[in-house]
Each structure stands twice: as C-alpha cells, then as structure tokens.
Amino acid sequence: HGPSMSAEDELAAFQAEIAAVETAAAAEEDTGDGTPEELEFEDDDGTWYVWDRATRKYKPKGEDVMAAPAAAPPPTWSAADMVFQDDDVAIPSLNDAKKAVAAAKRGDDDDEPGAEPKDPDGAPKMSEMAINAIEKEKERRAKREEARRANANGDGSGWFDLKTNTSVYITGLPDDAEVDEVKEVFSKCGVIKLDADTAAPRIKLYRHKETGELKGDGLVTYLKEPSVQLACTILDGAPFRHTMGTNMTVTPAKFEMKGDFVAKKRSGGKKRKAAVIAKQEAELGWGGFDDTKDRKKTTVIIKHMFTLDEMFSDPNFRVELEEDVEAECGKFGAVDKVKVFTTNPEGVVSVRFKDGGDAQKCVTAMKGRWFGGRQLEASLWDGFTNFAKAGLESTEEDEAKRLKAFGDELEGDEDD
C-alpha cells in the first residue's frame with residue numbers, strides 16, 4: 001500500500017479540481033461558445049425557430065430580431081448642480097402694478113439714481129407678472145360692469161327685463177275702468193298677486209299727474225310667471241268690454257331704473273304676510289279638481305272611525321285604516337285623498353272625491369253605519385273646521401288632572 005494522503009493534501013487536490021473547472025468555463029465564455037445543442041426546432045403551432053448567435057436567442061425562421069438597445073449611461077452631476085440657487089422672483093402687488101401704469105402715463109423719464117429701468121420709449125419696465133396682474137384687474141372690472149348692465153336692453157334707455165317677470169302691461173283700458181273690473185278680466189289667466197301689507201290685488205292704473213284722470217294703461221302682477229304668457233296670448237287684441245270698439249294690448253311688463261335703488265320699507269307683521277301668501281298658494285291648489293267646484297262639496301267627514309287607544313297602540317294602524325277607507329269609499333267614485341286625523345278624539349277621517357255627486361253618495365251610505373262597534377257620523381265638510389288641531393288643546397281642568405296624576409305617581413314611588 002502506498003502512503004495515505006493527509007487532510008491537507010486532499011483539500012489541495014479538491015481546490016485544484018475546482019480551479020480546472022472554472023478555467024474551462026471561462027475559456028468557453030471567452031470564445032463565445034454556449035450555443036445550445038439544438039440549433040432549430042418546431043413549436044407546437046408549427047412555427048420553426050432557429051438560434052441567432054448575435055442576439056443569443058431563438059427567433060422565428062426567416063425573421064430578423066433586433067438586438068436590445070444598449071443601456072443609457074448614468075447621469076453625472078457636478079458640484080454646481082448640487083448647490084441651491086435662490087432665484088425666486090418677488091410677486092408685485094396690485095398697488096405696485098397701478099403705480100407702474102401711472103408712471104407710464106405721466107411719461108416720467110428722469111433717470112434718477114435708484115429709479116426703475118425704462119424701455120427705449122421712456123415707459124418704466126414692468127415684469128411679466130405685473131403685466132398679467134394689470135390685465136386680470138381689467139378683466140375683473142369689465143365683468144363687473146357687464147354684470148351691472150346684464151338686464152339692460154343695450155339701447156341706453158334705462159329699461160330692463162326682470163329675470164322672473166310676473167307682470168303684464170296693458171293699454172286700451174277705458175277711462176272709467178276700476179281695479180275690481182280689471183281683476184275680474186285678468187283673473188281668467190291666473191292668480192293675481194296680493195300685496196303683502198294690504199292684501200289688495202297688485203293692480204295699478206296709471207293716471208295723469210295734472211288732472212288725476214286715468215290714462216288708459218295699467219299694470220297687473222300675477223303670482224306665477226306662466227300667467228304672463230297666457231294673458232298675452234288670450235287677452236292681447238281682445239276688448240276690455242264687449243261694448244267697446246277698441247281692443248287692449250297686453251305685453252310682458254318692462255321696468256325702468258330711475259336713480260339709485262332704495263329698498264322700500266314695508267309695514268305689517270310676518271304672520272299676516274305669511275297668511276296672505278298662504279291664501280294665494282291655496283288658490284293655486286288644483287289636485288285634479290275642477291277650479292269651479294267647491295271643496296266643501298267634494299270632501300266627506302266621517303267620525304268615530306277609531307279611538308286614540310287604537311291609534312297609538314299599533315304603529316301600522318293609521319296606514320291600514322287609510323287603505324281600508326279608500327277601498328270602501330272607492331265604491332262610490334274616484335277618491336283623490338284620504339286623511340286620518342290621528343290626534344282627533346272623535347276619530348275623524350276625511351275623504352276627498354273628484355266629483356261632488358260621488359261625495360254625496362258616500363255620505364248617504366256611511367251615515368249611521370256601524371264600524372268596529374261604533375256608529376259612524378258622515379257629512380260634507382263645512383269649509384272651516386280644522387280637525388287636525390282638535391284634541392291638541394287642553395283645558396285647565398285637564399291640565400290639573402294630569403298634574404294630580406303625576407303627583408300621585410311620584411308619591412307612590414316614594415312609598416315603595
């Protein structure tokens with residue numbers, strides 16, 4: 001047996017073997033070798049690919065493959081690029097811009113020490129920022145002036161149109177025309193607006209300043225704008241009276257601003273004004289009814305339909321009751337609305353029909369009828385009773401009873 005190798009000899013032999021392998025790999029890379037064994041092959045879809053030595057990748061046979069572009073070199077930075085330069089430009093104020101414009105208008109060309117630089121034509125040099133500020137100020141003033149004259153006709157006469165015009169101007173009225181007569185004629189086209197202070201119709205008949213006699217023209221203000229177009233369509237060219245030989249002219253009103261506008265101080269409380277507005281709005285309510293019909297003749301009041309205990313013991317009771325009443329009363333005619341007055345101690349329900357005859361049928365059928373163990377009372381609405389408020393007021397006696405009951409309850413809690 002030959003001499004055995006030591007551990008150091010074995011390690012040296014292993015390192016020499018690794019070095020030989022690395023050397024062979026490096027030589028192969030230097031010679032550009034590394035070509036795969038299979039230089040061409042057919043893909044599953046029938047396409048043939050060949051190995052391209054220049055790009056070291058497979059490409060479809062017969063096609064050229066562009067080599068990948070070389071990477072751009074990394075940017076280089078100098079020391080100057082790394083230093084912050086304070087090049088902020090001060091923004092001139094509007095006053096500075098105005099001063100520059102004023103100086104340009106004066107033609108101030110004295111070259112004093114410390115004076116602003118000037119252009120060859122003698123005007124002070126302004127920065128681009130100052131010029132833009134001046135232009136923006138001009139645009140703002142132009143828009144403000146345009147807005148001020150937005151309602152003007154452009155003829156310089158001072159007449160202007162309202163954005164929402166509800167008034168008509170009338171000519172051709174007789175010398176003895178009265179406000180009530182004008183109201184009767186023009187109410188055919190809509191609800192005439194009432195004055196919030198006096199509750200009088202907004203109708204003005206113009207008079208001669210010297211004699212006080214009517215001039216034959218006037219102004220009527222409606223509550224809603226569509227009435228203006230309707231009046232111009234129907235009444236323009238029509239006679240004010242059938243016996244007159246002349247006809248009226250009715251056109252949308254125009255107004256003239258004389259002097260500065262001063263808000264008119266109005267007297268009267270807010271509640272009274274609100275009542276006037278509510279009255280006019282009520283006149284607009286149609287809801288499927290003929291305007292010539294009285295709601296007192298189409299609304300049926302039925303009492304004893306429920307008790308307050310029934311009403312407040314079940315949250316769905318009111319809805320179910322309305323549905324039952326509408327279904328039952330619908331047998332007499334078209335029902336427009338059913339209203340349950342939940343706080344009324346008499347258990348009142350109102351039913352509004354589209355026709356007065358159907359309402360009368362309902363009254364006849366429901367009067368004396370039994371419902372839920374109670375005998376019903378049915379009648380037409382009187383036109384003024386507010387059943388929604390009934391039951392909300394309390395007398396002093398009721399208040400005293402409630403206070404006594406509350407005190408007894410507190411005393412009972414203390415005894416416990």
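**Exercise 1.** State which residues gather in the patch of negative charge on the surface.

*Solution.* Patches take residues with over 30% relative accessible area and no salt bridge, joining like charges within 9 Å. A salt bridge would need a side-chain nitrogen of Lys or Arg within 4 Å of a carboxyl oxygen of Asp or Glu. The residues that gather here are Glu320, Glu323, Asp324 and Glu326. Of these, Asp324 is found in helix H8, residues 317–329; helices are DSSP runs (H or I) of at least four residues and strands (E) of at least two.

The model is predicted: local features need pLDDT of at least 70, side-chain atom pairs count only at pLDDT 80 or more, and totals for chains, interfaces and linings use all residues. Residues are numbered from 1 along each chain as its sequence is written, and side-chain values use heavy atoms, without hydrogens and water.

**Exercise 2.** Classify the aromatic pairs of the structure.

*Solution.* There are two aromatic pairs. Rings of Phe, Tyr and Trp (its six-membered ring) pair if their centres lie within 6.5 Å; planes under 30 degrees apart are stacked, over 60 edge-to-face, the rest tilted.

- Phe41 and Tyr49 lie 5.5 Å centre to centre with 20° between the planes, a stacked pair.
- Phe341 and Phe387 have centres 6.0 Å apart and planes at 50°, so this pair is tilted. Phe341 sits in the loop between strands E11 (335–340) and E12 (349–353), and Phe387 in the loop between strand E15 (377–380) and helix H10 (396–415), 46 residues apart.

**Exercise 3.** Is Phe41 buried, partly exposed or exposed?

*Solution.* Buried means under 20% relative accessible area, exposed over 50%, partly exposed in between (1.4 Å probe, protein chains only). Phe41 has 24%, so Phe41 is partly exposed. Both Phe341 and Phe387 are buried.

How values were computed
Patch = residues over 30% accessible without salt bridge, like charges linked within 9 Å, V, L, I, M, F, W, Y side chains within 5 Å. Areas by Shrake-Rupley, 256 points an atom, 1.4 Å probe, with all protein chains shown as cover. Lys, Arg positive; Asp, Glu negative; His and termini not counted. Charge placed at Lys NZ, Arg CZ, Asp CG, Glu CD.
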